[in-house]
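User: I would like to go through some local features of this model. Could we begin with the strands and then turn to the helices?
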Amino acid sequence: MRRSSSPLRRLPQVLLVVAASAAAVASPGGAAATLWPNVPEQIARALTSGDALERRLAATRVGELAPETAIRLIQRGMSDPDVEVRLHLAGAAVRLRMPRAGDLVIEWLGEGDARLRLAACDVIRAAPTDRSVVALGRVLGDPDPHVRLAAATAMGAAGLPDAVSPLLGHLDDTAPEVRAEVARALGRIGDARAVVPLIGKVQDSIPEVRKATARALGELGDPRAVSALLLALQDASQDVRVEAVTALGRLRSDDATSAIADLVTVSPGAAGAFPGARPSDSATSSNDVREAALRALGRIGSDAAVKALLAALAKDNPAAPRSAVRDALVSAGAASVPALVAALAAAPSANTAAGAALVLGELKAREALPALARGMQRGVVPLRHGLRALGALGDPAALPGVLELLGDGDPAVRAEAIRAATALLDPARPDGRAVDPARALLVDPATAPDEKLALVQLLGRTGSPRAQAALLPLAKARSTPLRLAVIEALGAARAAGQLGAAVDAALLAALDDESADVRLRAAIALSRVAGPGSARPLLQRLTVAAEQDRGALGIALSGALSRADDAGGAADAKAARDASGKGLVHEVAAAIASAPDAARDALIEGLGRMPGQAAGAALARMASAAPIDDRRKIAEALAGHPEAAAALRKLAGDPDPGVRANAIWSLGAAGDKDALPLLLPLLKDPDAAVAGNAAGAIGRAAGRLGQPARAAAALCAALPDARPYVRANALAALTVAGARCDGDAARDLLARDPAEAVRLAAADHLARSGADDDRRALARCAAEDRNAAVAGRCARAAPPRAPAAGAEDVVVFIVPFDAGRGGSVRDAPAPRAPFALVRADGLLRLGVADRRGELFERGAPRGPIRLTVPAPLVK
């Protein structure tokens, strides 16, 4: 199954086309298997049968039942005389993450069958209790090394200080894999009593034990370990050296800087190891050791560490998109800025100057702008890299210097100057300084076609009326790529007065273009900038358009209605009303009554985006007698009308789960203080999309209403839910609401939850905390999680930054990926496709797309969004 997991470019009020799984667009009703009502009773009876084979078969099916029923049967069956029955039930308890299941298997730790002892360790690891973890201590002396290993793993996962003494007593276990696991467990628990005993294991005869010991010492964060870790830098195993240098970085020991800097002197790509190293015994290379050393220096961030990193820039390739040296300097943060600025003021090599400039840009160090500009003027900083740095810097004060290079003789410099100027502009803050030089190059016959397209984008980013006036004549250019670029640029910012009317007219005319791509791009542009006076012409077009054009016209009309009042933006409100004295809302509502399915969703969405109580009242009236598809869209559209919250509350009890899911999500944005009591019980709705949206809506509403404590009580209770997206959204909602559960629930989910979405949400949640236990949990996740996305999220976790300013309305069309057609993307969105949308704040919105295969997300936080596997397909 293929998913769209990469972040998508975000533009306000714009179409997003997203590839989803072919299976993800199956009918919602057939997405998951169901059980006959009498099946739970049959399984319960079979578990009490006198026939062991019948009980075994029933035990294999317990995991299919609803969690409440399954847990009850597991509790009864854990004492079954048949070993196979108990083993099957133990597996079900682990999969269900059955609360306090560890207490049920304590007696198994003394069973003669090693399989039961192993299963007990697994159950305790998945659902530990204080009693069961303490009981594991005696199993550390089990004759079977596999049992000892499982016991140590479970004790480390539980993280209880009571486990430290038993674990320390088995650091010299005869089995190397057990010794390594004991060291890892001690590192996870984080108790300082383990430091001195672990220092003695740095010299263990087995590399895997030495590697686990070095990592554990880094997790413990005690400076007493520095000397032993410095010794481990000369280990025969490259893997051990990587762990040792990583641990020294975690300790942020400046005393280790000199030794770590020696590891950095190895040339990138060198086949040999650094001086003094012995031959490697693993696939880990000297480059891996070098990169770990660079990361460690970045974490240490002292003057000496930054100096060593600056020296490494001389051998770095500034043309590479990413660089371990530059990444390390960025991780050092503001501490590296003075040294980087000083380097530019001296006479550095071209590589050093370019790398220093790029790091300053990535750090957004605006105070470095004068040094960057002087370095470029002196020829110290290569122009291409200097321009790239200025674009990343994001300081509009750099624009004049960038514009001077738009006409440079080097095509590579010109291209970088256009990119940098484009990055420094924001259509929301009109800036006409770039208009004249960009327009001059645009009309120059010598300008290459690809540069003209980039210049058009640059002009659009200026948000300047003079730029739009310059672009208007090109809206009918013969070149389709140029025409598309101009239309997109005209849609970057709204223009006022006669110029705005001229832009609207040009875009409306483009809706008649013979190219479907041009028509679609024009519709997107109109959705973003069309004045309210365009709403009626677009409404008229939509009602008579051919079916293939209704999708584009619906996008345009929805955006135009968001800026129209009931009079449709007309100067004379009386003239804008029909003979019955009713305005634009009446016209749209009347059109919905007779419109075909292809247009109804666009019209309902437009009413939802339209300001004013009249639009909300019209939607509320329609909801009472609308068909299912209309109710789904109305429930979504009412997110923009808090005054119609009563209609949303009614829709939240709709028999259709798709309607309930949309209504509940909308209540998170539009609900008042009365919404929370309604949302709380919906966390247990049998439909995963409804329950998941309820969790997200609780977090949004509680954060908006300033009631984090009420959110925490409900959301913390939802963390054991058997459905992954309910757990994930409960965590994300806690983060959004600024709430936290007591204890280590989030750390437990990060370490043990089988679902990627849950562990990602747990990583984001823990990153908001500065607690040592949370930092250690994230570090362990980064080093040990087998999922690259989760490990990367844990590694990048940092204290929260201020959210990006503002929010935006986003339209997403779900275009399925069809494995049956050779892995191609289908030509059209999939109507009524189940979806799971991941927002920039980590919340998942779940549900079913409308009849066009579209969903509309009002007020999404700025940042990347993506689609993931729909709820019905997640186990």
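**Strands and helices**

Analyst: In this predicted model, strand β4 (residues 834-838) pairs with β5 in the antiparallel sense, over 5 bridges.

User: Which residue of β5 is the bridge partner of Ala 836?

Analyst: The bridge partner of Ala 836 is Leu 846.

User: How many residues lie between β4 and β5?

Analyst: The two strands form a hairpin with 5 residues between them. In the turn, Gly 842 has a positive phi of about 90°.

User: Is β5 buried or exposed?

Analyst: Strand β5 (residues 844-848) has 5 of its 5 residues buried, so it is largely enclosed by the rest of the structure.

User: And which residues point which way from β5?

Analyst: Leu 844, Leu 846 and Val 848 point one way, while Arg 845 and Gly 847 point the other way. All of them are buried. In general, side chains in a regular strand alternate between the two faces of the sheet.

User: On to the helices. At what angle do α39 and α40 pack?

Analyst: Helix α39 (residues 688-705) and helix α40 (residues 708-718) pack at about 165°, and their axes are 8 Å apart. An angle over 145 degrees counts as roughly antiparallel, and the two helices are therefore roughly antiparallel to each other.

User: Is their crossing left-handed or right-handed?

Analyst: The crossing of α39 and α40 is left-handed.

User: Which residues make the contact?

Analyst: Ala 695, Ile 698, Gly 699 and Ala 702 contribute from α39, and Pro 708, Ala 711 and Leu 715 from α40. These contact residues comprise 6 nonpolar, 1 polar and no charged.

Key
Residues are numbered from 1 along each chain as its sequence is written. This is a predicted model: local features need pLDDT of at least 70, side-chain atom pairs count only at pLDDT 80 or more; totals for chains, interfaces and linings use all residues. Side-chain values use heavy atoms; hydrogens and water are left out. Axes are lines fitted to C-alpha atoms, for helices over the stretch in contact, and angles run from 0 to 180 degrees between N-to-C directions. Helices (H or I, at least four residues) and strands (E, at least two) are DSSP runs, numbered from the N terminus. Angles under 35 degrees count as roughly parallel, over 145 as roughly antiparallel, 65 to 115 as roughly perpendicular and the rest as oblique. A crossing is left-handed if the near helix is turned anticlockwise from the far one by less than a right angle, and right-handed if clockwise. Contact means heavy atoms within 4.5 Å. Ala, Val, Leu, Ile, Met, Phe, Trp, Tyr, Cys and Pro count as nonpolar, Asp, Glu, Lys and Arg as charged, and the others, Gly among them, as polar. Buried means under 20% relative accessible area, exposed over 50%, partly exposed in between (1.4 Å probe, protein chains only). Two strands pair if DSSP finds at least two bridges between them.
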